[in-house]
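Hi,

Here is the structure I promised to pass on. Have a look at it first, and then read my notes below.

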Amino acid sequence: MSHINFMRLALEEAKKGDAPYGAVIVKDNAVIATGYNTVKRDSDPSAHAEINAIRSLTTKIRNPSLEGYTLYTTGEPCPMCATACVWTGISEIVYGASIQDLIEISQSQINISCEEIIAKGFREIKVTKGILKAECLQLFK
């Protein structure tokens with residue numbers, strides 16, 4: 001499968017949440033975990049799609065290391081989620097809409113890119129941006 005196929009799955013996850021963020025974690029071309037935003041449902045400000053997917057996977061594999069995994073997400077990971085990616089050692093982040101894109105359509109965001117967080121971290125994480133950007137942005141309108 002391609003970046004586009006996996007991002008379509010993240011878009012489907014986003015529709016389940018209480019905010020339009022969906023995440024899919026992939027390894028060896030297979031979906032291993034999914035997540036969506038449950039901040040309101042769980043009364044948990046950390047329950048972002050990416051965090052929910054990471055928690056689900058690390059619990060399932062009983063290991064906090066996600067080296068070799070790729071995270072697909074409809075919106076660029078916020079500073080909290082990007083930091084979680086650094087701590088887990090995830091190998092790649094693929095996102096649709098950037099934080100800047102979301103700010104431009106009046107979405108509340110902390111204006112720090114995931115690449116800024118990664119650059120100040122201690123791991124190399126590949127970042128691929130803009131996959132199905134228009135479709136991802138449509139969720140937020």
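Predicted model: local features only at pLDDT ≥ 70, side-chain atom pairs only at ≥ 80, totals over all residues.

Start at Val94, which stands opposite Thr128 in strand S5.

Between the two strands comes helix H4 (residues 79-88), and S3, H4 and S4 together make a right-handed β-α-β unit.

Zooming out, the protein chain has 7 helices and 5 strands, and along the sequence they follow the pattern α-β-β-α-α-β-α-β-α-α-β-α. The radius of gyration is 13 Å, close to the 14 Å that the globule rule gives for 141 residues, so the chain is as compact as a globular protein of that length. Along the principal axes, the C-alpha atoms fill a box of roughly 35 × 35 × 30 Å. As for burial, 48% of the 141 residues count as buried.

Now the charged pairs. The structure holds 7 salt bridges, and I picked out a few of them for you.

- Glu115 and Lys129 form a salt bridge, with the closest N and O atoms 2.9 Å apart. Glu115 sits in helix H6 (residues 114-120) and Lys129 in strand S5, so the pair ties together parts that are 14 residues apart in sequence. Glu115 counts as partly exposed at 32% relative accessibility, and Lys129 is partly exposed as well, at 47%.

- Lys133 and Asp101 meet through their side chains in a salt bridge, 3.3 Å from N to O. Because Lys133 belongs to helix H7 (residues 133-140) and Asp101 to helix H5 (residues 99-104), this one ties together parts that are 32 residues apart in sequence. The two partners fall into separate accessibility classes: Lys133 is partly exposed, with a relative accessible area of 35%, while Asp101 is buried, with 13%.

- Arg55 and Asp44 form a salt bridge in which the closest N and O atoms are 3.7 Å apart. This pair links distant parts of the chain, with Arg55 in helix H3 (residues 49-61) and Asp44 in the loop between helix H2 (39-42) and H3, 11 residues apart. Arg55 counts as partly exposed at 40% relative accessibility, and Asp44 does so at 22%.

Last, something on the outside. Which residues form a nonpolar patch on the surface? They are Met1, Leu9 and Val31, and together they have about 250 Å² of accessible area. Met1 lies in the segment before helix H1 (3-14). Its relative accessibility is 55%, and because the cut-off for exposed is over 50%, Met1 counts as exposed.

That is what I have so far. Over to you!

Cheers

Terms used: Residues numbered from 1 in each chain as written. Heavy atoms only, no water. Patch = residues over 30% accessible without salt bridge, like charges linked within 9 Å, V, L, I, M, F, W, Y side chains within 5 Å. Areas by Shrake-Rupley, 256 points an atom, 1.4 Å probe, with all protein chains shown as cover. Salt bridge = Lys/Arg side-chain N within 4 Å of Asp/Glu carboxyl O. Helix = DSSP H or I, 4+ residues; strand = E, 2+ residues; numbered from the N terminus. Buried < 20%, exposed > 50% of the residue type's maximum accessible area, 1.4 Å probe, protein only. Right-handed = clockwise from strand over helix to strand, strands pointing away. Pairing = 2+ DSSP bridges. Rg over C-alpha atoms; globule rule 2.2 N^0.38 Å.
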